[in-house]
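Please examine the sequence and the model displayed below.

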Amino acid sequence: AIFTLLMLVFYIYAVMFTLLFKDFYTLGYTQADYFGRMDYTLFTLFQFLCLDEWSGIAYEVTAVHYWAWYVFIAFIVMSAFVV
């Protein structure tokens, strides 16, 4: 049950992050293509879940959209600390 809940949270946030931030690499806002495709976004969210270098990615995105830290922190709290 927990795995299914985690996959549902992953999918919802992956769709949301892909729609919000998919053009950041092509516009030159990020150094790597973190959110360009759904599989890239899922890998990036897995990095967030493991708390592996998530702050660098969040810093690059929040330099453009200051409100992005809300969704990053919400995902980290839901995935890493709750589940």
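Leaving aside its neighbours within four places in sequence, with which residues is Phe-17 in contact? The model is a predicted one, in which local features need pLDDT of at least 70 and side-chain atom pairs count only at pLDDT 80 or more, while totals for chains, interfaces and linings use all residues. Residues are numbered from 1 along each chain as its sequence is written, and side-chain values use heavy atoms, with hydrogens and water left out. With sequence neighbours within four places set aside, Phe-17 is in contact (heavy atoms within 4.5 Å) with Lys-22, Phe-35, Thr-41, Leu-45, Phe-48, Val-71 and Phe-72.

Phe-17 belongs to helix H1, residues 2–21. Helices here are DSSP runs (H or I, at least four residues), numbered from the N terminus. The residue is buried, its relative accessible area being 0%; buried means under 20%, exposed over 50%, and partly exposed in between, with a 1.4 Å probe and protein chains only. Between the C-alpha atoms of Phe-17 and Phe-43, which are 26 residues apart along the chain, the separation is 12 Å.

The helix packing comes next. Two packed helices are described by the angle between their axes and the distance between the axes. Axes are lines fitted to C-alpha atoms, for helices over the stretch in contact, and angles run from 0 to 180 degrees between N-to-C directions. Angles under 35 degrees count as roughly parallel, over 145 as roughly antiparallel, 65 to 115 as roughly perpendicular, and the rest as oblique.

H1 and H4 pack at about 165°, and 11 Å separates their axes. H1 is therefore roughly antiparallel to H4. The crossing of H1 past H4 is left-handed; this term applies if the near helix is turned anticlockwise from the far one by less than a right angle, and right-handed applies if it is turned clockwise. On the H1 side, Leu-6, Val-9, Phe-10, Tyr-13, Met-16, Phe-17 and Phe-21 meet Ala-68, Val-71, Phe-72, Ala-74, Phe-75, Met-78 and Ser-79 of H4. The contact of H1 with H4 comprises 13 nonpolar residues, one polar residue and no charged residues. In this classification Ala, Val, Leu, Ile, Met, Phe, Trp, Tyr, Cys and Pro count as nonpolar, Asp, Glu, Lys and Arg as charged, and the others, Gly among them, as polar.

Helix H2 (residues 38–49) also packs against helix H4 (residues 68–82), at an angle of about 65° and with the axes 9 Å apart. H2 and H4 are therefore roughly perpendicular to each other, and H2 passes H4 in a right-handed crossing. Leu-45, Phe-48 and Leu-49 of H2 make this contact with Phe-72, Phe-75, Ile-76, Ser-79 and Ala-80 of H4. By class, the contact of H2 with H4 holds seven nonpolar residues, one polar residue and no charged residues.

The axes of H3 and H4 come within 9 Å and cross at roughly 155°, which makes H3 roughly antiparallel to H4. The H3–H4 crossing is right-handed. Here Trp-54, Ala-58, Val-61 and Thr-62 of H3 meet Ala-68, Trp-69, Phe-72, Ile-73 and Ile-76 of H4. The contact of H3 with H4 contains eight nonpolar residues, one polar residue and no charged residues.

Attention now turns to the loops. Thr-30 lies in the loop between H1 and H2 and is buried, with a relative accessible area of 7%. The Thr-30 side chain reaches the backbone oxygen of Ala-32 at 2.8 Å. Apart from neighbours within four places in sequence, Thr-30 is in contact with Phe-24, Tyr-25, Glu-60 and Val-61.

Most residues other than glycine have a negative phi. In the loop between H2 and helix H3 (54–62), Leu-51 has a positive phi near 60° and is partly exposed, at 37% relative accessible area. Glu-53 is found in the loop between H2 and H3; the phi of Glu-53 is also positive, near 55°, and this residue is exposed at 61%.

Setting aside neighbours within four places in sequence, Phe-81 is in contact with Leu-51 and Ile-76. Phe-81 is exposed, with a relative accessible area of 59%. Phe-81 and Phe-21 lie 60 residues apart in sequence and 24 Å apart in space, C-alpha to C-alpha.

How values were computed. Helices (H or I, at least four residues) and strands (E, at least two) are DSSP runs, numbered from the N terminus. A polar contact is a pair of N or O atoms within 3.5 Å; within protein, one must be able to donate a hydrogen and the other to accept it, and residues adjacent in sequence count only if both atoms are side-chain atoms.
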